[in-house]
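Look at the sequence and the 3D view below.

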Amino acid sequence: MLSESKPASPVSPAPPVTPATPTPGDGYKGWLFKWTNYIKGYQRRWFVLTNGLLSYYRNQAEMGHTCRGTINLATASITVEDSCNFVISNGGAQTYHLKASSEVERQRWITALELAVPSDDSADESSETASASGRDGVRGMEFQSTLRALGSKVEDLSTCNDLIVKQGSALQRSLSELEGLPAVADAGEKIRQVTERATLFRITSDAMIKACRDFLSMAQNHSKRWQKALQLERAQRLRLEDTLEQLAKQHNHLERAFRGVAVLSPASYADAHLGGKGLISSKGDASDEDDDDSEFFDAMEDPADFITVPADPECRRRSGSVVSGLSNETAADDMSLDELSLASASTSASTTASAARRRTRIPEKPDYYLNLWSVMKNCIGKELSKIPMPVNFNEPLSMLQRLTEDLEYHQLLDKAAKCGASLEQMCYVAAFTVSSYSTTVQRTGKPFNPLLGETFELDRLQDCGYRSLCEQVSHHPPAAAHHAFSENGWTLRQEIVLASKFRGKYLSIIPLGSIQCIFEKSGNHYSWKKVTTTVHNIIVGKLWIDQSGEIDVLNHKTGDRCHLKFSPYSYFSRDVQRKVTGVVTDAEGKAHYVLSGTWDDKLELSRILHSSTSADADGGGEGKQRTVYQTLKAKEIWRKNPLPEGAESMYYFSALALTLNEDEEGVAPTDSRRRPDQRLMEEGRWDSANGEKQRLEEKQRAARRERQRRRTSLRVADDADDDAEADRARADEMVTEASEDESGQADNYQALWFHKANDPVSGETLHVYKGGYWETKDGGLGWDACPDIF
């Protein structure tokens, strides 16, 4: 006969079937896998824990007639083998080798078994195994039963106490009457009454004493079990903290190790494309993980759309006339790509000199600890903009100011405005779109959600030649409109609506809306959209940011296009992390330039001399083609500015970000610089900032109710009937219904400086600046039209 004992190295068990969730009753029930023998391995069985006995059956239907085995936990020991396996043995006569479907299920069973063991001193001293999670069902039922018993004893004590007080008072009256008797003849009756009442008092007192003893005994007995449970909870909490610390350390170690891989130099960057790692042709947003909770992206090697190879010297000489011809197409006063690259140094120096007059530091971030998971765990699947968040997770900037940070590398648009050739201009516009993400790599703090009607201006006309204005034009969904114009010949406008998805392990932020850039001289009109931002390690480890997806920058006038691919970060990829690649094509689809680099460091540009199509040997299938581009030497078109000294203690702000919340005279009363909770947070007074944040949010809700009340009153006035009381009741009812509408569509709020319009060039509808702000500021006309939001 085959042995029932557990082998040292058992054969692989059958694929586990997801067990039903154990339901608490008089004990604990659920599916476990039990080791049977070498041939059958682990078999799924239904286990029932009740009255200190653990029994098992083939299935739930057998519970009424056939029990396959029972073990008494009073003499049993429990040993944990690994994350899912544990052993129950009563000294050799019976041994159960059990396997749970997951670590959580194993922890639930271990806890239930430990608490089912009869409580005594020896058990208290020897109980070292267990787990603290997943025991709400069993322990909750036990605690409720105990509390009901203790409550019953307390009621008995209260009843006895009332009787003692009543009978004691009666006994006292009888004694007083006995002392005041005038004759001995009446003493016998009174003494009899006193004796009866004294007897009742003694009986009640004895009952009171017995109830007290029962209560004390019950409390002492259960105190041991509760102390045992508390010790188990404390031990498990310490083990969990150690595990989380080890996971965080391992995560940081892996991150440092993979970040330490040597990055390809600019000269060899084009050669690296020979390895087949080019622009991936998958469509859609790579980080749109509605149904996938995996922490890292798949490292499958999809066939690339293209690879680039450096052109040989002979080819460069033959194509020299062609290259010079392209440059000669520009006007005499326009600069080529080479000249614009050389001019960047003087522009950066001028900007630095202007920025030196502004502040370069803000108060350091206080060391406030708050567990993000404790706030976010109940918000899985909800819209992020509707989750009340303390300022502890914020950075002292609003979303309007973060939107304005897109202009940190405005020099790229200045250079684009000087280009006469539309394809060269497209390269700089594409580089500008990539540069806007460089400030996000270490910025894990959440910006303040702007209040409805909040604005932010950035007047850099003297320093950099541009002015920028943002306004929050909608609250649900949150939408911000942005308009910037430059004396150097460009206008930037955008409307961004943020949508978010929280899935527990990561948070995805999807910007909706369009960005448009118009150049005065050429009349070229560009438009594009942003990619998805993903925040990883919400539960454990260090938060980190990734950008992934695709961007199509389109010139509506000429039909030129630049397709940019933001590759998702992967620990297992051999390619450069945070990689961005792109191809600039004309209206006929012919490729002219290749862009390559990373969104957190730099971007390089290569002119295409020749293109060809070849079969993809590594594609893994037939008929897969890949484009090969022969290019000139790559030139750096954009590089990220270094962070200021001590940026790690100042929320990793860039030099521009440090100046955004600086006090300035003459700004509108709705400007983000005047927001009190944001200012208090920047000063390090986070407790006061949280209170002020709640006040502002409630004020915003009250303003919305008032707007709806006025709107409803007008509507009711149009349909007035004879009964004024009915009118008021109807108005109040409609206000209540509208205020409960979270969509915000019934609000019909009208922005002050922007209005919604259809763009005839792109065919899109967005909020466009209607003028008046800078005239109001420059003319000193006052800000009477601004709402009181702070």
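How many helices and strands does the protein chain have? In this predicted model, there are 17 helices and 27 strands. The chain is 790 residues long, and 45% of them count as buried. Its accessible surface comes to about 39300 Å², and carbon and sulfur atoms hold 52% of that area. Contacts can also be sorted by distance along the sequence. Taking those between residues at least 6 apart in sequence, 61% join residues at least 24 apart.

Next comes a sheet. Seven strands make up this open sheet, and their order across it is β4-β3-β2-β1-β7-β6-β5, with antiparallel pairing. At the edges are β4 (69–72) and β5 (77–80), each of which pairs on one side only. On average, neighbouring strands of the sheet are turned by 35 degrees against each other, direction ignored.

The last stop is on the surface. Which residues form a nonpolar patch there? They are Leu240, Leu244 and Leu247, which together have about 250 Å² of accessible area. Leu247 lies in helix α4, which covers residues 187–259. Is Leu247 buried or partly exposed? Its relative accessible area is 40%, so Leu247 counts as partly exposed.

Conventions
Residues are numbered from 1 along each chain as its sequence is written. This is a predicted model: local features need pLDDT of at least 70, side-chain atom pairs count only at pLDDT 80 or more; totals for chains, interfaces and linings use all residues. Side-chain values use heavy atoms; hydrogens and water are left out. Two strands pair if DSSP finds at least two bridges between them. Helices (H or I, at least four residues) and strands (E, at least two) are DSSP runs, numbered from the N terminus. Axes are lines fitted to C-alpha atoms, for helices over the stretch in contact, and angles run from 0 to 180 degrees between N-to-C directions. Patches are made of residues with over 30% relative accessible area and no salt bridge: like charges are joined within 9 Å, nonpolar side chains (Val, Leu, Ile, Met, Phe, Trp, Tyr) within 5 Å. Accessible areas come from the Shrake-Rupley method with a 1.4 Å probe; for residues, only the protein chains shown count as cover. A salt bridge is a side-chain nitrogen of Lys or Arg within 4 Å of a carboxyl oxygen of Asp or Glu. Buried means under 20% relative accessible area, exposed over 50%, partly exposed in between (1.4 Å probe, protein chains only). Contact means heavy atoms within 4.5 Å.
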